[in-house]
Amino acid sequence: MAAADQSAGQVRAWQRMLSGRRLDLLDPSPFDVEIEDIAHGLARVARWNGQTLGEHAYSVAQHSLLVEQIFNHIKPDAHIDWQLLALLHDAPEYVIGDMISPFKAVMGGDYQQIENRLETAIHLRFSLPAKIPVPLKKLIKQSDRIAAFYEAVQLAGFTEQEAVRYFGRPRGINPEMIRLEPQPTGQVQQAFLARFADLESKRKI
């Protein structure tokens, strides 16, 4: 449970993680970021506010795996660090949840500031660039929009025309390679951890 304390005129917001870490949301430290907490949280955060087909919620963890898969298809020679950044592109949502785009627009700058601080702490924790280079950011965003298109059509009840209007028509992707079925929480959590471990092992070679 997140808590906000007020003492000496200062506000502090923090959340206790299952790892035992206490993450300060206003000033997050890389030392309080653990991949197990990220995987646990993302596997339990539902995309599309839970408005998706299937017995299980379609989680941010499963979405993150899809985005990295698409990213690798678009950029097959991508550096391992770039692949890891693609996998972790929504990692701050293990703390703040997945807010749909219309709600982010209403929330404005405060939400973005908190998200940016969390992202920086996560990147530093895993020895990644604090800020994503612009060319990489564009590639990850492209992969994210392609994933959103297929999620919208296959899981969230959008017509193809609606999905094209909001996310654009995917280019260079064979639709047959993307068949989405929401997975159980524990299964997708382990898949996310396994992919992270695989990429980390390759970074050490």
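Trp48, Phe158, Tyr166 and Phe167 are linked into a cluster by ring pairs. Rings of Phe, Tyr and Trp (its six-membered ring) pair if their centres lie within 6.5 Å; planes under 30 degrees apart are stacked, over 60 edge-to-face, and the rest tilted. The model is predicted: local features need pLDDT of at least 70, side-chain atom pairs count only at pLDDT 80 or more, and totals for chains, interfaces and linings use all residues. Residues are numbered from 1 along each chain as its sequence is written, and side-chain values use heavy atoms, with hydrogens and water left out.

The whole structure holds 6 aromatic pairs. Phe158 and Tyr166 make an edge-to-face pair, 6.4 Å centre to centre with 85° between the planes. Phe158 also pairs with Phe167; the centres are 6.1 Å apart and the planes lie at 45°, so this pair is tilted.

Phe167 has 19%, so it is buried. Phe158 is partly exposed at 23%. Tyr166 is partly exposed too, at 47%.

Now turn to the nonpolar cores. A nonpolar core is a set of buried Ala, Val, Leu, Ile, Met, Phe, Trp, Tyr and Cys residues joined through side-chain atoms within 4.5 Å. The largest one has 41 residues. Ile38, Leu88, Tyr94, Phe126 and Phe192 have the most contacts inside it. Among the elements that give it two or more residues are helix H1 (35-42), helix H6 (109-125) and helix H9 (185-203). Helices here are DSSP runs (H or I, at least four residues), numbered from the N terminus. A second, separate core has 18 residues, including Val67, Ala148, Phe149 and Leu155.

Look at Tyr94 in detail. Beyond its neighbours within four places in sequence, Tyr94 is in contact (heavy atoms within 4.5 Å) with residues including Met17, Leu23, Ile38 and Ile122.

Helix H9 also carries Arg195. The Arg195 side chain makes a polar contact with the Gln83 side chain, at 3.3 Å. Such a contact is a pair of N or O atoms within 3.5 Å; within protein, one must be able to donate a hydrogen and the other to accept it, and residues adjacent in sequence count only if both atoms are side-chain atoms.

Notes: Buried means under 20% relative accessible area, exposed over 50%, partly exposed in between (1.4 Å probe, protein chains only).
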